[in-house]
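Student: Could we go through this structure together? I'd like to learn where the labels come from.

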Amino acid sequence: MKIKSLVGGVVVAAVAGLIALLNWPTSHTPDASVTEPKTGKVTKGTLADTKTVSGTLGYGSSTTLSSRLGGTLTALAEADATVKRGQVLYRVDDHPVVLLQGTLPAYRALRPGVKGADVKQLEQNLKALGYTGFTVDETYSAATATAVKKWQKKLGLPKTGVVEPGRVVYAPRVRIEARQAAVGDATQPGQGVLKVTGTDRVVTVKLDVADQRLAKQGVKVKLTLPDGTVKQGTVKKVQTVVETGENGDSTTKIEVTVALPPVAGLDSASVDTAFTASVRENVLTVPVAALLALAEGGIRSRGHHAHRLPPHLRGDRPVLQRPGRDQRTRGHRRPHRGASVMIELTDVTKVYDGGVAALAGVSVTIKRGELLAIVGPSGSGKSTMLHDMGALDRCTSGRVTIDGHDLATLSDRQLSTLRANLIGFVFQAFHLADGMTIVENVADGLLYSGVGLRERRSRAATC
């Protein structure tokens, strides 16, 4: 999920939240390359917390069918064939192994006098195949044995009235993905014979464990096919899987199976899958272009007067001191390295408890107006880097400088003031306070700026 950070005209993109450092001038001389953006209208609408990941269109995860019998394979279902209830999957010594529908594996021989759920499962299949004369229950009766003999005769099996566990396989209707043995091979109990999948087309998505909240069984997702066609899917199954890499490392993933309407002309393809974690209605939205950084300090939104920032940050030393009009006309400049440098990281490291190093000697200089994308796999330190750049956290060693201000020299109070006056945050989640109205949530954003309660609510209600 991408985010952007705007710092003094510098856009930084990464995967985390959003940081915006308002752009104010460094001297009385205006920067001709910086033009004032247009204002925009505040609207009320619906915001959705979504994430789009790439999934694979196919038949879902596969399962290996193993033989329960010893002998020679004399027949195997063809790859890509569909096998239904009562049909033959493969033959051992020219005797069929048949597919029946159910979830309880065959684990014992069924004969007269046996009772249990597996008996009822067998009788349900016999009834579905057209055999009658018995009661579908959990008792294997003489009538059940008679029906089994008729079924065995049709299959070409000895009419024993006893169903051996290796003679049937319980599963839904299956599609043969691949053969794992060849006709003529010797087989023994436990040996893989066929690799099968479901028969319905589905999209399979692998999510990081941290994104598990996105996928709940039954929720709707938006699927975008390679040709741009958009279809609605439904999360059918969510399960945890462990993947083993080439070096033997194990990674836990959340495997999501999404059912979708029929798709023609595509055997397999990459599909963009958009999950929606939450939706908020009646949210006030402000275009980025509607927020203006003013030369005299503060920001302005459409329909409002300028709101001045404090003249300086209170603390041990002046920080972000904004020169007055008289000072600017005398050419006063803030003491920083260079007007064009907005963000500078020098040999920055961040080591968490337990010795986990998220950042290791990061050095980067970002100038005003520069566009920088921070990319990398999950866990590579992108969010940690943005937290340090946004004064949300302190690095273990090295130096972070924002617009000439060394963050390591600032107290917590000064950092709070810096964030309040210089940096704005937009996070992945909405972070709305429960039990408060939209106006109250918006108004609370002005707390750090020192705006009074009445003024905060007035601005929030009319923006």
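This is a predicted model: local features need pLDDT of at least 70, side-chain atom pairs count only at pLDDT 80 or more; totals for chains, interfaces and linings use all residues.

Student: Why is His431 called exposed?

Tutor: Exposed means over 50% relative accessible area, buried means under 20%, and partly exposed is in between (1.4 Å probe, protein chains only). His431 has 59% relative accessibility, so it counts as exposed. You'll find His431 in the loop between strand 26 (423-426) and helix 6 (438-444). Helices (H or I, at least four residues) and strands (E, at least two) are DSSP runs, numbered from the N terminus.

Student: What makes helix 4 mostly covered?

Tutor: Six of the eight residues in helix 4 (residues 382-389) are buried. These are Lys382, Thr384, Met385, Leu386, Asp388 and Met389. After helix 4 comes Ala391, with a positive phi near 65 degrees.

Student: How do you know that the charged end of Arg201 sits over the ring of Tyr59?

Tutor: The rule asks for NZ of Lys or CZ of Arg within 6 Å of the ring centre and within 35 degrees of the ring normal. For Arg201, the charged end is 5.1 Å from the centre of the Tyr59 ring, and it is listed as sitting over that ring.

Student: What makes strand 16 and strand 17 a pair?

Tutor: Two strands pair if DSSP finds at least two bridges between them. Strand 16 (residues 230-244) and strand 17 have ten, in the antiparallel sense. One of the facing pairs is Glu243 opposite Thr251 in strand 17. The two strands form a hairpin with five residues between them, and Gly248 in the turn has a positive phi of about 90 degrees.

Student: How many bridges join strand 14 to strand 17?

Tutor: Seven, between strand 14 (residues 202-208) and strand 17 (residues 250-259), and they run antiparallel. Leu207, for instance, has Ile254 in strand 17 as its bridge partner.

Student: Why do strand 10 and strand 12 stand at the edges?

Tutor: Their open sheet has five strands in the order 10-9-8-6-12, with mixed pairing. Strand 10 (168-170) and strand 12 (186-187) each have a single partner strand, so one side of each is left without a neighbour in the sheet.

Notes:
Residues are numbered from 1 along each chain as its sequence is written. Side-chain values use heavy atoms; hydrogens and water are left out.
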